[in-house]
Amino acid sequence: LAALIEEGCLIASAEDFSWELEQQVVSFPEPMRDSIIYRNWVRGAFLIVKVIEERGRDVVDLRISGDEELQRFLEHLGDDVRTFHLR
């Protein structure tokens, strides 16, 4: 996908992709739902105004508050303990 994006392009989310994202958001505890970044992709359309080279991100901050959120996180954590699966 990244190789296809150019300045001036318009990208949008397909309905089936949006539905799948909505199902994933519902699986999270209510307090976490508003902070899930990919919610912006649900039925979203985006005009690409600038493209910059990927900088490589080694660390992602994740805030977990409470045992229920921790349990849900652990359920989606991959066997390699580095991958987080949302499906």
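This is a predicted model: local features need pLDDT of at least 70, side-chain atom pairs count only at pLDDT 80 or more; totals for chains, interfaces and linings use all residues.
Because Glu 22 lies in helix α1 and Arg 43 in the loop between α2 and β2, the pair ties together parts that are 21 residues apart in sequence. Salt bridges that share partners join Glu 15, Glu 22 and Arg 43 into one network. By the stated rule, the count of salt bridges comes to 2.

The C-alpha atoms of Ala 14 and Val 42 are separated by 8.5 Å, although the two residues are 28 residues apart along the chain.

The secondary structure of the protein comprises 3 helices and 2 strands, which run β-α-α-β-α from the N terminus on; helices (H or I, at least four residues) and strands (E, at least two) are DSSP runs, numbered from the N terminus. Of the 87 residues, 21% count as buried. With contact meaning heavy atoms within 4.5 Å, residues 24 or more positions apart account for 59% of the contacts with a separation of 6 or more.

In helix α3 (residues 67–76), Glu 69, Phe 73 and His 76 are buried. Seen down the axis of α3, these buried residues fall within an arc of 65°, so they line one face of the helix; the arc is that of the directions from the helix axis to the C-beta atoms. The buried residues of α3 pack against α2, whereas Asp 67, Glu 68 and Glu 75, on the other side of α3, are exposed.

Leu 70, also placed in α3, is partly exposed at 37% relative accessibility. Together with Leu 62, Ile 64 and Leu 74, Leu 70 forms a nonpolar patch on the surface, with about 320 Å² of accessible area in total. Accessible areas come from the Shrake-Rupley method with a 1.4 Å probe, and for residues only the protein chains shown count as cover. Patches are made of residues with over 30% relative accessible area and no salt bridge, like charges being joined within 9 Å and nonpolar side chains (Val, Leu, Ile, Met, Phe, Trp, Tyr) within 5 Å. The accessible surface of the protein comes to about 7600 Å², of which 53% belongs to carbon and sulfur atoms.

The protein averages a pLDDT of 79, and 79% of the residues score at least 70, pLDDT being the predictor's confidence in each residue, from 0 to 100. Among the elements, α2 has the lowest mean pLDDT (76) and β2 the highest (89). Local features need pLDDT of at least 70 and side-chain atom pairs count only at pLDDT 80 or more, while totals for chains, interfaces and linings use all residues. Residues are numbered from 1 along each chain as its sequence is written, and side-chain values use heavy atoms, with hydrogens and water left out.

Terms used
Buried means under 20% relative accessible area, exposed over 50%, partly exposed in between (1.4 Å probe, protein chains only). A salt bridge is a side-chain nitrogen of Lys or Arg within 4 Å of a carboxyl oxygen of Asp or Glu.
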